[in-house]
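Subject: Structure handover

Hi,

Here is the structure I promised to pass on to you. Have a look at it first, and then read my notes below.

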Amino acid sequence: MIDLYYWPTPNGHKITIFLEEAGIPYQIKPVDIGAGDQFKPEFLAFSPNNRMPAIIDSEPGDGGESISVFESGAILVYLAEKSGKFLSSDIRQKKIALEWLFWQMGGFGPMLGQNHHFTRYAPEKISYAIDRYQRETERLYGVLNKHLENREFIADDYSIADMACYPWAVAHDWHHVALENYPNVQRWHDAIKIRPAVIKAYELGEQYKRKTEMTPEMKAILFGTPNANNP
């Protein structure tokens with residue numbers, strides 16, 4: 001059984017997509033990031049960067065004690081190796097999947113997150129920052145669009161690379177990106193969107209969405225915005 005410490009963000013969705021696609025039994029342990037659950041000592045004990053998702057596998061492949069894994073990319077690799085699914089054993093196909101997994105972790109995620117911050121959350125609209133991250137967002141979409149030319153999925157076969165990138169592309173409206181300007185990304189996005197496991201993963205996430213706004217204090221912690229206690 002996999003215990004998944006989760007909240008319905010792009011990084012959280014990566015893991016529910018994998019688990020649903022692979023048919024691995026799991027149970028969700030909600031980590032309400034708006035309420036500050038990610039800073040609780042019991043969570044930090046196995047996710048020291050105070051970020052979800054994280055997992056605890058009570059039945060690891062070596063038959064030993066439970067294994068915890070934090071960071072969404074590491075979790076995807078761990079689960080793929082545990083299940084033997086969605087990461088090819090072919091050295092060349094595996095290489096492609098891992099390259100694009102790390103591309104997402106290093107760029108198509110952090111840079112899009114900065115786009116979110118400066119266009120949606122920053123208390124001051126800084127034109128230089130907005131322009132910088134918008135241009136980088138569009139560059140990254142262009143990189144993915146070029147790679148997907150004549151490819152159905154990122155590593156030819158559907159893989160953890162697609163599961164890592166897709167939840168960020170879902171938020172294209174937040175990035176002020178029109179997918180029709182990136183037709184290969186749009187085709188790929190639309191093909192993944194209708195997969196039954198993906199639909200189920202997003203439906204599952206709906207029940208965990210917060211119905212209230214985050215406090216100024218939590219916005220300060222999560223996004224670096226100033227408030228009376230965190231100038």
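Helices (H or I, at least four residues) and strands (E, at least two) are DSSP runs, numbered from the N terminus. With that in mind, the order of elements along the protein chain reads β-α-β-α-β-β-α-α-α-α-α-α-α-α, made up of ten helices and four strands.

A word on the basis: this is a predicted model, in which local features need pLDDT of at least 70 and side-chain atom pairs count only at pLDDT 80 or more, while totals for chains, interfaces and linings use all residues. Residues are numbered from 1 along each chain as its sequence is written, and side-chain values use heavy atoms, with hydrogens and water left out.

**Overall shape**

The C-alpha atoms fill a box of roughly 50 × 45 × 30 Å along the principal axes. Of the 231 residues, 50% are buried, meaning under 20% relative accessible area with a 1.4 Å probe, protein chains only. Contact here means heavy atoms within 4.5 Å. Among contacts between residues at least 6 apart in sequence, 67% join residues at least 24 apart.

**The core**

A nonpolar core is a set of buried Ala, Val, Leu, Ile, Met, Phe, Trp, Tyr and Cys residues joined through side-chain atoms within 4.5 Å. The largest one has 62 residues, and those with the most contacts inside it include Phe 18, Leu 79, Tyr 141 and Trp 188. Helix α7 (residues 160-170) gives the most to this core, with eight residues. Beyond its neighbours within four places in sequence, Leu 79 touches Ile 2, Ile 15, Phe 18, Leu 19 and Ile 55.

**Two helix pairs**

Axes are lines fitted to C-alpha atoms, for helices over the stretch in contact, with angles from 0 to 180 degrees between N-to-C directions. Angles under 35 degrees count as roughly parallel, over 145 as roughly antiparallel, 65 to 115 as roughly perpendicular and the rest as oblique.

The axes of α6 (residues 127-147) and α8 (residues 183-193) come within 7 Å and cross at roughly 75°, which means that α6 is roughly perpendicular to α8. Tyr 141, Leu 144 and Asn 145 of α6 meet Pro 183, Asn 184, Val 185 and Trp 188 of α8.

For α3 (residues 72-83) and α4 (residues 91-106), the axes come within 10 Å and cross at roughly 155°, so α3 is roughly antiparallel to α4. Among the residues making this contact are Leu 76 and Glu 81 of α3, and Lys 94 and Leu 98 of α4.

Enjoy exploring!
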